[in-house]
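This report covers a single protein chain, from its overall dimensions down to selected residues. Please keep the sequence and the 3D view open while reading.

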Amino acid sequence: MDYRETPPPPHLAGLVKARWTLTGEGTADLWAEQQATPDGCVEIIRRIRGRSRWGGEQPACFVVGLVDRPQPFEISGDAAFQALRIWPWAWRLIGDIPLAALHGRWQALPCPDFAAIETRLSAATELGRIGTALVAAPSVAAMSDATGMNPRTLQRWFARHVGMPPRRYLQLLRFQGAFETLPGEASLAGHAAAQGFADQAHMARTFRDLAGVPAGTARRRARGPFLT
């Protein structure tokens with residue numbers, strides 16, 4: 001499987017995490033098992049060839065909401081995808097499906113024009129500023145300080161724009177930051193410390209919960225937010 005990411009332009013960094021492509025490296029009759037891990041984002045996906053299955057056959061275009069546990073799926077060996085990975089607070093500017101209805105699942109979507117979506121998001125400068133502050137914050141208290149929201153306002157904002165409490169969302173962000181930078185790391189203990197975990201055991205528990213595999217296994221198999 002060939003997975004590639006392109007970061008967004010700076011003015012979209014608080015709204016878009018990445019554009020990405022995923023390409024199978026087999027034939028149409030062979031299915032490859034994959035696993036998505038929680039990344040704190042909403043995925044707008046267009047399959048340009050092949051097939052994919054997650055609880056059944058998927059359409060060519062669909063949106064995936066926030067997941068908070070490992071999610072298995074399959075792609076045919078000839079499958080290829082293009083996608084836009086957005087922060088959840090940007091979704092309401094694009095689609096009308098409630099975030100709660102997308103939690104842990106996908107829904108069919110008209111095939112997206114990614115350039116048009118990015119143009120629309122570029123006008124949401126204040127939301128982008130808040131998003132940039134949130135994803136850079138190392139703690140819930142820092143989220144409050146960086147956004148100027150008091151704790152109660154922050155809780156309400158997350159309920160509306162994310163669909164989970166800020167502490168739980170911060171856990172997903174910390175995990176995904178550790179997961180996607182893990183390949184090639186020589187020291188798991190050093191990586192745990194660098195990513196804000198209390199110690200290696202803390203990171204190990206989080207990986208078992210959110211990746212479904214030990215950190216050592218993820219180090220070998222991680223490709224972006226996917227286990228291959």
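**Basis**

The model is predicted, so local features need pLDDT of at least 70 and side-chain atom pairs count only at pLDDT 80 or more, while totals for chains, interfaces and linings use all residues. Residues are numbered from 1 along each chain as its sequence is written, and side-chain values use heavy atoms, with hydrogens and water left out.

**Whole chain**

The chain has nine helices and eleven strands; these are DSSP runs numbered from the N terminus, with helices being H or I of at least four residues and strands being E of at least two. Along the principal axes, the C-alpha atoms fill a box of roughly 55 × 40 × 30 Å. The radius of gyration is 17 Å, which agrees with the value near 17 Å for a compact globule of 228 residues. That radius is taken over C-alpha atoms, and the globule rule is 2.2 Å times the number of residues to the power 0.38.

Of the 228 residues, 49% count as buried. Buried means under 20% relative accessible area, exposed means over 50%, and partly exposed lies in between (1.4 Å probe, protein chains only).

Contact means heavy atoms within 4.5 Å. Among contacts between residues at least 6 apart in sequence, 71% join residues at least 24 apart.

There are 26 positive and 20 negative side chains, and the centres of the two sets lie 5 Å apart. Lys and Arg count as positive and Asp and Glu as negative, with His and the chain ends not counted. Each charge is placed at NZ of Lys, CZ of Arg, CG of Asp or CD of Glu.

**Cysteines**

A disulfide is a covalent bond between the sulfur atoms of two cysteines. The criterion here is a pair of cysteine sulfur atoms within 2.5 Å, and the count comes to one disulfide. Cysteine 61 and cysteine 111 form this bond, with their sulfur atoms 2.0 Å apart. The link of cysteine 61 and cysteine 111 is right-handed, with 90° about the S-S bond. The pair joins distant parts of the chain, 50 residues apart: cysteine 61 is in strand 6 (residues 61-64), and cysteine 111 is in the loop between strand 9 (106-108) and helix 2 (114-121).

Cysteine 61 is buried because its relative accessible area is 3%, whereas cysteine 111, at 54%, is exposed. The C-alpha atoms of cysteine 111 and arginine 46 are 6.5 Å apart in space, although the two are 65 residues apart in sequence.

Cysteine 41 is buried, with a relative accessible area of 1%.

| Residue | Relative accessible area | Class |
|---|---|---|
| Glutamine 34 | 7% | buried |
| Glycine 40 | 1% | buried |
| Glycine 50 | 27% | partly exposed |
| Phenylalanine 197 | 6% | buried |

The contacts below leave aside neighbours within four places in sequence.

Glutamine 34 belongs to strand 3 (residues 31-36). Its contacts include Met1, Phe73, Leu227 and Thr228.

Glycine 40 sits in the loop between strand 3 and strand 4, where it touches Leu66, Trp87, Pro88 and Tyr169.

Glycine 50 occupies the loop between strand 4 (42-49) and strand 5 (52-53). Glycine 50 is in contact with Ser76, Asp78 and Ala79. From C-alpha to C-alpha, glycine 50 and aspartate 29 are 9.8 Å apart, at 21 residues apart in sequence.

Phenylalanine 197 lies in the loop between helix 7 (188-194) and helix 8 (200-210). Among the contacts of phenylalanine 197 are Arg174, Phe175, His202 and Met203. Phenylalanine 197 and glutamate 25, 172 residues apart in sequence, are 35 Å apart from C-alpha to C-alpha.
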